[in-house]
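Have a look at the sequence and the fold first.

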Amino acid sequence: MRVINIGVLISLLESFIITNFVIKSLEPRDSKKKWLLYTALTFLLFIDIEYGSIIFHKESSRGIIQIILCFIFSLLFLKGFIYKKILVSIISNLLILVINIFLMTILSTFLNLNIKEISKEHEVWLFAILTSKLIYFIITSFLLTLLKLRT
């Protein structure tokens, strides 16, 4: 039996959280296909996260690909005005960037290590990654709640 790499599970979790934010923000055109849409976008984002580095060596390029994937997906399958689709696609990626920078800065300061050193400390790195995904989930859930209150 082969053990699944924890990094793969984290990538899958991140993909699902992004998908959840995008789909719940814009709502599917066909509600009967909601879970199919969840599966498709999660899979596309997972491929980008896991294998995007093979094609695109810069993290910023992979972030732009994520924005484009979410935007094209929303154009094809989700409701909402185009400006909202653009905004949701950008916010989904920008939040990850801001959270990661904020968290790494805090860890670097408290541990008196630079980010390269933190990435070599497996337990600290795993803690940072899992914490960033939790923060991302909390913030996107909060944004979705605000969106529901507004409508």
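A residue is called buried when its relative accessible area is under 20%, exposed when that is over 50%, and partly exposed in between (1.4 Å probe, protein chains only). Before using that, a word on what you're looking at: this is a predicted model, where local features need pLDDT of at least 70, side-chain atom pairs count only at pLDDT 80 or more, and totals for chains, interfaces and linings use all residues. Residues are numbered from 1 along each chain as its sequence is written, and side-chain values use heavy atoms, leaving out hydrogens and water.

Start with Lys133, which sits in helix α6, residues 122–150 (helices are DSSP runs of H or I with at least four residues, numbered from the N terminus). Is Lys133 buried or exposed? Its relative accessible area is 9%, so Lys133 is buried. Its side chain makes a polar contact with the side chain of Glu14, at 3.1 Å. Such a contact is a pair of N or O atoms within 3.5 Å; within protein, one must be able to donate a hydrogen and the other to accept it, and residues adjacent in sequence count only if both atoms are side-chain atoms. Setting aside neighbours within four places in sequence, Lys133 is in contact (heavy atoms within 4.5 Å) with Ile10, Leu13, Glu14 and Ile17.

Now zoom out to the helices. How do α1 and α6 pack? They meet at an angle of about 10°, with their axes 10 Å apart; axes are lines fitted to C-alpha atoms, for helices over the stretch in contact, and angles run from 0 to 180 degrees between N-to-C directions. That makes α1 roughly parallel to α6, a label for angles under 35 degrees, while those over 145 are roughly antiparallel. Glu14 in α1 and Lys133 in α6 both belong to this contact. Ile6, also in α1, is partly exposed because its relative accessibility is 40%. In space, Ile6 and Leu126 are 9.0 Å apart, C-alpha to C-alpha, though 120 residues separate them in sequence.

Helix α1 (residues 6–26) has another partner, helix α4 (residues 82–111): the two pack at an angle of about 155°, with their axes 10 Å apart. So α1 is roughly antiparallel to α4. Glu14 turns up here too, among the α1 residues that meet α4, whose side of the contact includes Lys84, Lys85 and Val88.

Technical notes
Parallel < 35°, antiparallel > 145°, perpendicular 65-115°, else oblique.
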